[in-house]
Amino acid sequence: MQPEPTTNLVHPAQAKLPPERWPTREEAQRSLLFSPIRYGVCVARTRSWVPAMVPWRSIEDGSVTPDILDWYGRLADGRPGVIVVEATGIRDVPSGPLLRIGGERFVPGLSELTRVVRERSGGATRLFVQIIDFLGIRRRPEKEKYLRRFLVLREEHRAGLRLPGASDEAVREALLALPHERLLALLSPREREDLEFGARERVTDTHLPHIAELPRVLPELFADAAQRARLAGFDGVELHYAHAYTMASFLSRTNTRADGYGGSPKARVRLPLEVLAAVRTRVGSDFTVGCRLLGDEVIEGGSRVEDAAFYATELARAGIDFVSVSKGGRFEDAKQPKVGEAAYPYTGPSGQECMPTRTIDARGPFGRNLELSRAIRAAVRAAGFETPIGGAGGINSFELAERALREADCDFVAAARQSLADPDWWRKMETGRGSQIRRCIFSNYCEALDQRHKQVTCQLWDRDFDAPDPGRDDVARSSDAKRRLVPPPWVPQ
Ligand SMILES: Cc1cc2nc3c(=O)[nH]c(=O)nc-3n(C[C@H](O)[C@H](O)[C@H](O)COP(=O)(O)O)c2cc1C
């Protein structure tokens, strides 16, 4: 009896996906999707991208582990034009199991990573690394701990309690004894947030010296990281100017810094331009430097596509090699975390737009954010620049990808969750075997694991223990042993 192909439908929800028509090999050969594109000095064989996705395969010291090599090696099997390695921290500080590039000691591991991707893709895939800075965030505290230890007492607290001149200890006890609603009424909005969500730094906290000096320190930190990326053999870097992190917060309309780095569109894009200039000076013109930014922040008072179009045009003018467009994923509208957990920026409406599920609304996730890349691209072209602009969000089929490219929504297409569901899907399309594609059901099973900082896998393959991992006797499993860590190999039918 023939073994069941691993690409068979494995989840009932796959049947609910809109039917797809996949290209023949000839159609794929003639397509824009499978045609070359240039990002600065680097030419990619096709316009397909696996964008940055944190798989939580590193360890506390932020180094490249064998699991990281297996993960990116497996993505490289599918031979996309570009893979962007997950958000990788530029500072030499403990960052949990986030991959890091904040010191020379990370270079050998990262070199091994570029070697593996080159080998497994047969040289077909260009490899960029997304480099990130982020600000401090604390877990939501126990109320008692917050009131006894973290809250900095102010005269207003004493006045509100009618305890003028009382000792700190007495004030803290009185606050603890208040009914919750009365306590909240006594706290400032920021203190309320610290208590209910956990303290989170903002780029506007310029009373804190390390926040005030961000424009002084970040250009060199990014430049150092980019230089290490170059040394490690990457084809380029993607500056992380998107989602909930430092650089996106500088670009945000909510950035009211009064030091020349906030308050107007021109001032908000100043630091991103200075970071780009420092990186470029360091790595030279023969290394690709692009960025990811938000086409829309999707939060109240946040930046909209007109802002993004302006930023992208200024970055293009400054010589950026590509702009990859994302959407949302901000902390401002995140759900309240449980006590002991940190807020996660993909839980509110902006997060849902960043990684839209199948049930987000009647329109669904498919190509949902392409109007943003389209408007940004049009603005960049109108200003006379040919900078490639990328679109992402629910890209899951040849027709959608090809239409987006043909109709000028974008110049390259990035598919994260579909590539996680089936890393070989690019190669299957390219060779006319689209019917063998395991189709993402956009349930956000992967994103839920990411939220808990658990090794990210896909529900469509992570219990399939029958298929072996090539080169091993056993199947590599997650730390709880319940899930396989890499998708089963593709046996072409
Ligand atoms: C598990 C997971 C981790 C992600 N990590 C990152 C990241 O490190 N950097 C980033 O810019 N986007 C990250 N994203 C967002 C994706 O790159 C992509 O923009 C988003 O999932 C929408 O595309 P899709 O519909 O093709 O999945 C992540 C997404 C997922 C599902």
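1. Let's start with Gln436. Gln436 counts as buried because 20 other C-beta atoms lie within 10 Å (buried takes 20 or more such atoms within 10 Å of the residue's own C-beta, exposed 12 or fewer, partly exposed anything in between, with C-beta atoms placed from the backbone). Gln436 sits in the loop between helix 19 (425-430) and helix 20. Its C-alpha atom is 8.2 Å from that of Pro492, 56 residues away along the chain.

2. A word on what you're looking at: this is a predicted model, where local features need pLDDT of at least 70, side-chain atom pairs count only at pLDDT 80 or more, and totals for chains, interfaces and linings use all residues. Residues are numbered from 1 along each chain as its sequence is written.

3. Now the ligand. Of the 26 residues around the ligand, Pro51, Ala52, Ala87, Ala416 and Arg417 come nearest (near means a backbone-placed C-beta atom within 6 Å). Strand 4 (82-89), helix 18 (417-421) and helix 20 (445-451) each give two or more residues to this shell, and helix 20 has the largest share, three residues. Helices here are DSSP runs of H or I with at least four residues, strands are E runs of at least two, and both are numbered from the N terminus.
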